[in-house]
Every structure is written in C-alpha cells, then in structure tokens.
Amino acid sequence: YRPASIAETLYYFIVVIWGSRNAAMSVVGEIRDRTWDLQRLSSLGAGQMTWGKLFGATAYNWFGGAICLAVILAHGFTHDDPIAVIVSLIYFLAVGVIAQAVALLASLIAVRRRQSHTRLEIFLYQFAGLLAAVAVFWIWDAADPAGSIIARKAATDFIPWWGHSFDARPFLLVSLAIFTAWTLVACYRTMRLELQMRNGPLVWLGFLVFIGIYVAGFDAWLSKDPMMAKWDAIALRLALAATTYAFLTYAMVLLEPKDRVHFRWLGAELGARRIANALSGLQAWMMSYIATFFFAALLIWRLSASATPQELAMIASAMGFITRDVALFVLLHTLPGRKRGDFAAVLTLFALYVLAPAILNGLDLKGALVFFYPQQTAVFWLSPAIAWAEALAVAVLAIGRIALGEKSSVRAPA
C-alpha cells in the first residue's frame with residue numbers, strides 16, 4: 001500500500017504541479033528567449049504548435065508520471081477490481097492533461113493580450129492549471145465509493161441528471177473526458193489566433209449548446225431550494241442555462257480583446273445588411289450574451305403564469321445589469337490614454353457590487369441598492385427600469401466613443 005500511495009503523491013507533484021509549470025512556460029519561455037516570432041513564421045501549423053508546446057514541454061513530466069502510474073497500476077491490479085483500476089488510470093491521465101492544458105491556455109491568453117510575463121504572472125498561469133486540477137480532484141473524490149477525503153455528507157454515489165440517476169464514477173469519468181477535449185480545443189483555437197488565423201463561430205456555438213444541455217440537466221439540485229421549489233423542471237433548466245451563459249459572458253468579455261476596428265467592421269456589415277458576415281465575426285462574449293438574453297426571456301415567459309411580477313422583474317433587471325456591465329468593459333476600452341480597460345472595468349464592478357452597497361448598508365440607505373444590483377421593489381417595474389436605463393446609458397456612451405474614433409480616423413490627414 002505504501003509504495004502506491006507514494007507513487008500517487010509523486011504523480012501529482014511531477015505531472016500536475018511541475019507539469020503545469022512547464023506548460024505555462026512553454027510559450028512564455030520562447031518569448032523571453034526571443035524565439036517565438038521565428039516559430040510563428042515557421043511552416044508549423046496550429047495543431048503541431050499546440051501539441052508540441054503542450055506535450056513537448058512536459059515530456060519529462062510524463063516520463064516520470066508513467067513510472068508512478070506503473071507502480072499505481074501494479075498495486076491496483078493485485079488488490080482491486082481491474083475495471084476500477086482502468087477508471088483510475090483514465091482519471092490520472094485526464095487530471096494531468098487538464099492541469100497542463102489550462103496552464104498553457106492561460107499563458108496563450110496572456111500572450112494574446114500582450115501582457116508582460118513576470119514570475120508572478122507565470123505563477124498565475126500555473127495556478128490556473130492547479131485550480132482546474134483541484135476542482136477535478138474535489139469532484140472526483142466526492143464520488144469515491146471507498147470513502148471520501150472530504151466530509152462524507154458531501155459525497156455522493158449517484159448523480160441525478162435530466163431526470164435519470166447515474167452512477168457517479170462513470171458519469172464523472174465521461175464528463176471529465178469531454179471537458180478535457182474542450183480544453184484541448186480551446187488551446188488549439190487560441191494558438192490559431194496567435195498564428196494570425198481566423199476562428200469561425202461554430203466551435204464556440206457548439207460549446208454553448210453542449211454546456212447549456214450539460215448544466216441544465218442538474219435541475220434536481222435546484223429543486224431543493226425553497227425559493228425555487230415551486231418552479232417546474234423546465235424553468236429550473238432554463239435558469240441554469242441562463243446563469244451559465246451569463247458567467248461565460250463575463251469571463252469572455254474579460255478575456256477577449258475589445259478592438260474598436262472590429263466593432264466598426266461589425267457595424268458596417270450590419271449596416272450593409274451582410275448578416276452572414278457579421279454573424280461570422282461575432283466574438284465569444286457576444287454569442288454568450290445573446291444566449292443569456294434568449295434563455296432569460298424564455299424563463300420569464302415560462303414563469304409568467306406562476307411567478308409574481310416582482311420575481312419576473314428580478315430576472316429582467318438582472319439582464320439589464322449584465323448589459324450595463326458588458327457595455328462598461330467596451331466603453332473603458334474606447335477611452336483615450338494608456339490602456340487599462342479590463343483592470344478599470346473590474347475595479348468599477350467591484351465598486352458597484354461590493355463597496356457602494358456596503359457603504360449604503362452602513363448608512364441604512366438600503367433603498368438605494370436598486371441602482372447597483374437587482375432588488376425587489378414595491379413598484380415591480382422600478383428595478384428593471386433603473387437597470388435598463390443604466391445599461392442603455394453606458395451602451396450609448398460606448399457606441400458613441402466607437403463612432404467618434406471612426407470619425408477621427410477618417411478626418412486624420414493622410
């Protein structure tokens with residue numbers, strides 16, 4: 001037992017911790033050595049570059065991990081069920097790939113944003129991979145039939161999904177394999193962008209469809225909430241999908257570049273009624289926002305006969321504040337001066353959702369909270385009216401700044 005336990009610990013250290021560090025350094029190290037531009041100009045394709053950086057930079061880690069896995073498998077086949085050993089092998093491989101792929105993806109996103117690459121930032125890329133590995137371990141461990149490291153009351157042997165109950169380990173194993181594949185696809189598509197290739201919208205649309213179906217199936221967990229106990233399964237699934245898409249909207253609007261030239265091109269294509277071209281140029285955060293809006297509207301329609309006007313108004317006002325926040329990211333990128341748009345937007349949202357409400361609560365001015373996030377009010381339409389008024393104001397300012405930049409560029413002397 002002891003050699004297998006030591007081998008498992010060493011595997012996590014060599015493949016997950018050390019491997020994610022090497023994956024985070026695979027592209028950043030080339031930039032530091034000033035060899036990245038030469039590699040970008042080579043005949044290597046995006047796929048070759050992605051797999052080379054992901055598995056080439058971590059080859060020694062996987063060699064050491066293979067030795068550890070050999071010890072783990074030898075112990076497993078002599079003491080446990082062979083199927084359980086194979087399942088564990090797939091888990092170990094997947095958690096290592098996910099940790100390294102997320103670390104590489106984080107570094108590629110930083111390269112795309114033209115960030116500096118200090119030791120702290122490289123650690124943050126590695127830390128992103130470690131967080132992904134911890135999340136995988138935590139969920140996998142909760143379904144351990146032999147006893148979980150975490151509190152047993154939080155562990156589960158069966159997972160309800162779309163009205164059916166599945167054995168936890170096989171369900172999580174399939175989920176883990178699928179999410180590993182999506183992570184590798186994300187690395188590949190980000191590498192394509194770095195190599196000045198264009199990504200179409202179909203892959204992201206496919207991911208939106210997948211993640212919406214996947215997350216919506218966990219409605220049984222929400223049905224235990226007293227506030228949502230009266231909602232039917234369809235409403236719960238719509239709420240889960242809308243919430244997931246809202247999270248993706250915030251994540252992608254933070255990570256993706258907000259390029260005024262691209263925004264102007266989209267406006268020109270829409271103005272010329274070239275809808276197909278405009279749709280092909282939509283960024284991931286735009287498609288996520290549209291999906292959020294669509295499913296929120298479906299949720300309001302589904303609840304229109306059973307929910308109170310205040311509850312429906314909460315959903316409408318939430319969409320208004322999401323619109324305001326997204327427009328804020330775009331607006332701050334259109335302002336002149338040194339570009340700190342994303343950082344300024346994050347600080348502004350922190351002030352809007354945390355600092356200002358804390359001050360108002362301290363001053364016993366809770367009625368003013370309706371200006372910062374969704375609140376139930378005696379006049380049910382007040383909260384959505386305020387939210388959408390703020391959203392339209394910020395959106396008009398952002399569009400105006402984009403148009404102003406376009407006119408300035410037109411008037412500039414040749």
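Analyst: Start with the hairpin of β1 and β2. It has two residues between the strands, and Trp 162 there takes a positive phi near 55°. This is a predicted model: local features need pLDDT of at least 70, side-chain atom pairs count only at pLDDT 80 or more, and totals for chains, interfaces and linings use all residues. Residues are numbered from 1 along each chain as its sequence is written, and side-chain values use heavy atoms, with hydrogens and water left out.

User: How do you know that β1 and β2 pair, and in which sense?

Analyst: Pairing requires at least two bridges found by DSSP between two strands. Strand β1 (residues 158-161) and strand β2 (residues 164-167) have four, so they pair, in the antiparallel sense. Strands here are DSSP runs of E with at least two residues, helices are runs of H or I with at least four, and both are numbered from the N terminus.

User: Which residue of β2 is the bridge partner of Pro 160?

Analyst: Ser 165.

User: Why are α1 and α5 called roughly parallel?

Analyst: Look at the angle between helix α1 (residues 2-32) and helix α5 (residues 82-112): about 25°, with axes 9 Å apart. Axes are lines fitted to C-alpha atoms, for helices over the stretch in contact, and angles run from 0 to 180 degrees between N-to-C directions. Under 35 degrees counts as roughly parallel, over 145 as roughly antiparallel, 65 to 115 as roughly perpendicular, and the rest as oblique. α1 and α5 are therefore roughly parallel.

User: What is the make-up of the contact of α1 with α5?

Analyst: The residues there are 18 nonpolar, six polar and one charged. Asp, Glu, Lys and Arg count as charged; Ala, Val, Leu, Ile, Met, Phe, Trp, Tyr, Cys and Pro as nonpolar; the others, Gly among them, as polar.

User: What makes α6 and α7 roughly antiparallel?

Analyst: Helix α6 (residues 119-142) packs against helix α7 (residues 168-194) at about 160°, with their axes 9 Å apart. That angle makes α6 roughly antiparallel to α7. Val 136, Ile 139 and Trp 140 of α6 meet Arg 169, Leu 172, Leu 173 and Leu 176 of α7. By class, that contact has six nonpolar, no polar and one charged residues.

User: Why does Ser 107 count as buried?

Analyst: Buried means under 20% relative accessible area, exposed over 50%, and partly exposed in between (1.4 Å probe, protein chains only). Ser 107 has 0%, so it is buried. This residue of α5 touches Ala 23, Ala 24, Val 28 and Tyr 125, leaving aside neighbours within four places in sequence. Contact means heavy atoms within 4.5 Å.

User: How do you know that Ser 317 is buried?

Analyst: The relative accessibility of Ser 317 is 0%, so it counts as buried. Ser 317 lies in helix α14.

User: What makes Val 330 buried?

Analyst: Its 9% relative accessibility does. Val 330 is in α14 (residues 309-334). Its contacts include Phe 263, Trp 285 and Ile 402.

User: Why is Leu 299 called buried?

Analyst: Its relative accessible area is 5%, so Leu 299 is buried. Leu 299 lies in helix α13 (residues 284-303). It touches Trp 231, Ala 235, Leu 238, Ala 239 and Ile 315, not counting residues up to four places away in sequence.
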